[in-house]
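Morning, everyone. I have one structure to walk you through today. Please have a look at it before I start.

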Amino acid sequence: MEGATTAQQDASAPWKFAQCFGDKGEVEDITEADIISTVEFDHTGDYLATGDKGGRVVLFERNDSKKGCEYKFHTEFQSHEPEFDYLKSLEIEEKINKIRWCRRQNAAHFLLSTNDKTIKLWKVFEKSLKVVAENNLSGDRFQSAHAAATSSSSLHPSLAPTPTPLVGSGANLRMPTLTHHDTIVAAVPRKIYANAHAYHINSISVNSDGETYISADDLRVNLWNLNISDQSFNIVDIKPVNMEELTEVITAAEFHPINCNHFVYSSSKGTIKLADMRDSALCDQHAKRE
């Protein structure tokens, strides 16, 4: 009876709309580039990343000044641009397919974003903007010294005072002084992982070891080191010798949240395969299939 009562209370609990991100304009005003293609929370839930078809990534952070769960704008940056593959005569869209956060280890955030062909590692951090507050030519010292030198030039040499060294002449050199002006949130690409996939990338997943990640396209899964952008290892390959015999494609791949040697990948046949990287370098023989 107690369980039934709890279930009734849960069923009658009201749900209400909490928050909406973005412009609330007319549907006709929304362009193709504004359509959101992926969303991803970080591991703490305090930050939310969204990617759209225009190649933009927008970050939101939890608003602690509000009661309940509410987010505010943090920063926005252009992650990918449209490209053209001249060898294959193929246009590469800027649409963001996936975003994955790396576990935070310092004041900066690191996250991976990918379109169909290129994966990028971004560093998002607070940057202090400083301006020059004082230098050799600033303030009243330069003006008074210059005025004294100018007036003394018209006097008789015997009556002229001892010349004051001009500021900036080297005799009275001062180092410029910088002061804090403003703090902005900056995003810079730290690594670009390109030219590793012949087909469209559909998944990226960061390993629990914090050092590696996998990327998957229709026929292959590659293993990367976050610090090495020009080399990856192919750990799953389902491409047949004859493409006419192709019967399935990879739809998604994901690392185990705790065990760094386990990952799963799904196929268009509706199967999910668990692979163990300790068994062999090429995980063509799965450990379990669902």
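This is a predicted model: local features need pLDDT of at least 70, side-chain atom pairs count only at pLDDT 80 or more; totals for chains, interfaces and linings use all residues.

E15 covers residues 250-255, and E16 covers residues 262-267. How do the two strands pair, parallel or antiparallel? They pair in the antiparallel sense, over five bridges.

Now the whole protein. The secondary structure comes to two helices and 18 strands. There are 290 residues, and 32% of them count as buried. The accessible surface is about 18,700 Å². Carbon and sulfur atoms account for 53% of that surface. Next, contacts. Take those between residues at least 6 apart in sequence: 48% of them join residues at least 24 apart.

Where does Asn115 sit? Asn115 is in the loop between strand E8, residues 109-114, and strand E9, residues 119-134. Is Asn115 buried or exposed? The relative accessible area of Asn115 is 0%, so Asn115 counts as buried; the cut-off for buried is under 20%.

What does the side chain of Asn115 reach? That side chain reaches the backbone nitrogen of Thr118, at 2.8 Å. Now leave aside the neighbours within four places in sequence. Asn115 is then in contact with His80, Ile92, Glu93, Glu94, Lys95, Asn97 and Ile201.

That's my tour. Over to you.

Terms used:
Residues are numbered from 1 along each chain as its sequence is written. Side-chain values use heavy atoms; hydrogens and water are left out. Helices (H or I, at least four residues) and strands (E, at least two) are DSSP runs, numbered from the N terminus. Buried means under 20% relative accessible area, exposed over 50%, partly exposed in between (1.4 Å probe, protein chains only). A polar contact is a pair of N or O atoms within 3.5 Å; within protein, one must be able to donate a hydrogen and the other to accept it, and residues adjacent in sequence count only if both atoms are side-chain atoms. Contact means heavy atoms within 4.5 Å. Two strands pair if DSSP finds at least two bridges between them. Accessible areas come from the Shrake-Rupley method with a 1.4 Å probe; for residues, only the protein chains shown count as cover.
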